[in-house]
Amino acid sequence: MLALISDKSAHGDPVEGALTRIKAEPNARSRIVSDSHQWEAPMSYAEILVALGEDDAAYQRASYAGMLAGQLGASLLGVLSRWPHPPDVEPNATIGMVGELLAEARASCRLDLATVEAGFRATVEPSVDQVFFAGGIGSMTEAVLREARRADLIVIGQSTPSGDDDGFCDAQVLLVRGGRPVLVVPPAYEARALPRHIAIAWRDCRASRRVVREALPLLRRAQQVSVVTLNEVLSATPASSAADIVGFLQSHGVPARASGRSGAAPLRELLHILDEDDADLLVAPAYCSNQLVCSELMRQTTRMLSRCRIPCLLST
């Protein structure tokens, strides 16, 4: 024990050294804390994932994602996965015949994937430096979940059918399991520049705080950011929390302001504000951590996605 103590004194105790610096320099404490706990908000997105498809809305969505990637300096990953169309099998077909029909269906599916990849690259490569494609056979939602590990942002379409058989993504599954913010783009939406006026649907909950931070790369580049306070299902959102989030955004160089309006009927009031203020992006929490109101907010999120005419950036 004496050897350990003498060795500690000889080489210097880092804790005692830090305490000595704090006593000698009044500002040393803040510098030590900042050095050991560095935190930086995301300056931009490194890679954006877009869910592809074979219809016109999917190509417009890919074009929108390409615009975002090009102007944010990000790479773009297109993902498409679908099941082969079931072949028509005669009642008296043998196992060998059925196997040949299934092989033909899979080959046709791969040909469709190659066609979509070619169209995707032709659409986005003029504006994006790095373009990747991941295609496969299977569930589209599972493919997006798998590829989302390497992405900062997921871009999907607004339509959310009951299943994945036609290659659509389930937005609710992505929000719950994806671990990434999800940007939902309505059909036929076109934009050639980053969002200029962004509206934030603010509730004082974990999901709101997270989605605001994850949206910073877009918020920093906006000309106007409006924070709209929405009341919870069972409680009101304090006005002071909106002022706090405005201050947080302004400290990160975001031109944010409180809208001065709150929604007693959250969905109806929010859609009215979006139309009146001519916003071109909505940032909103998808669900709330409060289990008592989670089901109601989930219902509101689903309705909002079906009725909103601008892209919605969501997170949980």
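Me: Where is Ser 208 found, and why does Ser 208 count as buried?
Reply: In this predicted model, Ser 208 is found in helix H8, residues 206–214. Its relative accessibility is 1%. Buried means under 20%, so Ser 208 counts as buried.

Me: What does the side chain of Ser 208 reach, and what makes that a polar contact?
Reply: The side chain reaches the backbone oxygen of Arg 203 at 2.8 Å. The cut-off for a pair of N or O atoms is within 3.5 Å.

Me: Which residues is Ser 208 in contact with, leaving aside neighbours within four places in sequence?
Reply: Ala 201, Trp 202, Arg 203 and Pro 285.

Me: What is the place of Ala 201, and how do you know that Ala 201 is buried?
Reply: Ala 201 sits in strand E6, residues 197–202. Its relative accessibility is 3%. With the limit for buried at under 20%, Ala 201 therefore counts as buried.

Me: How far apart are Ala 201 and Pro 285 in sequence and in space?
Reply: They are 84 residues apart in sequence. From C-alpha to C-alpha they are 7.4 Å apart in space. Pro 285 is also in contact with Ala 201. The other contacts of Ala 201, leaving aside neighbours within four places, include Val 228, Leu 230, Leu 270 and Leu 282.

Me: Why is Ala 188 called exposed?
Reply: Its relative accessibility is 54%. Exposed means over 50%, so Ala 188 counts as exposed. Ala 188 is found in the loop between strand E5 (182–185) and E6.

Me: What is the phi of Ala 188?
Reply: Ala 188 has a positive phi of about 60°, although it is not a glycine.

Me: Why is helix H6 called largely enclosed by the rest of the structure?
Reply: H6 covers residues 140–147, and six of its eight residues are buried. H6 is therefore largely enclosed. The buried residues are Met 140, Thr 141, Ala 143, Val 144, Leu 145 and Glu 147.

Me: What covers the buried residues of H6?
Reply: The cover includes strands E1 (47–51), E2 (75–82), E3 (131–137) and E4 (153–157). Helix H7 (171–177) is also included.

Me: Where does Ser 139 lie, and is Ser 139 buried or exposed?
Reply: Ser 139 lies in the loop between E3 and H6. Its relative accessible area is 18%. Buried means under 20%, so Ser 139 is buried.

Me: Which residues make the contact between H4 and H5?
Reply: H4 gives Tyr 59, Ala 62, Ser 63 and Gly 66. H5 gives Thr 115, Val 116, Gly 119, Phe 120, Thr 123 and Val 124. These residues divide into five nonpolar, five polar and no charged.

How values were computed:
Residues are numbered from 1 along each chain as its sequence is written. This is a predicted model: local features need pLDDT of at least 70, side-chain atom pairs count only at pLDDT 80 or more; totals for chains, interfaces and linings use all residues. Side-chain values use heavy atoms; hydrogens and water are left out. Buried means under 20% relative accessible area, exposed over 50%, partly exposed in between (1.4 Å probe, protein chains only). Helices (H or I, at least four residues) and strands (E, at least two) are DSSP runs, numbered from the N terminus. Contact means heavy atoms within 4.5 Å. Ala, Val, Leu, Ile, Met, Phe, Trp, Tyr, Cys and Pro count as nonpolar, Asp, Glu, Lys and Arg as charged, and the others, Gly among them, as polar. A polar contact is a pair of N or O atoms within 3.5 Å; within protein, one must be able to donate a hydrogen and the other to accept it, and residues adjacent in sequence count only if both atoms are side-chain atoms.
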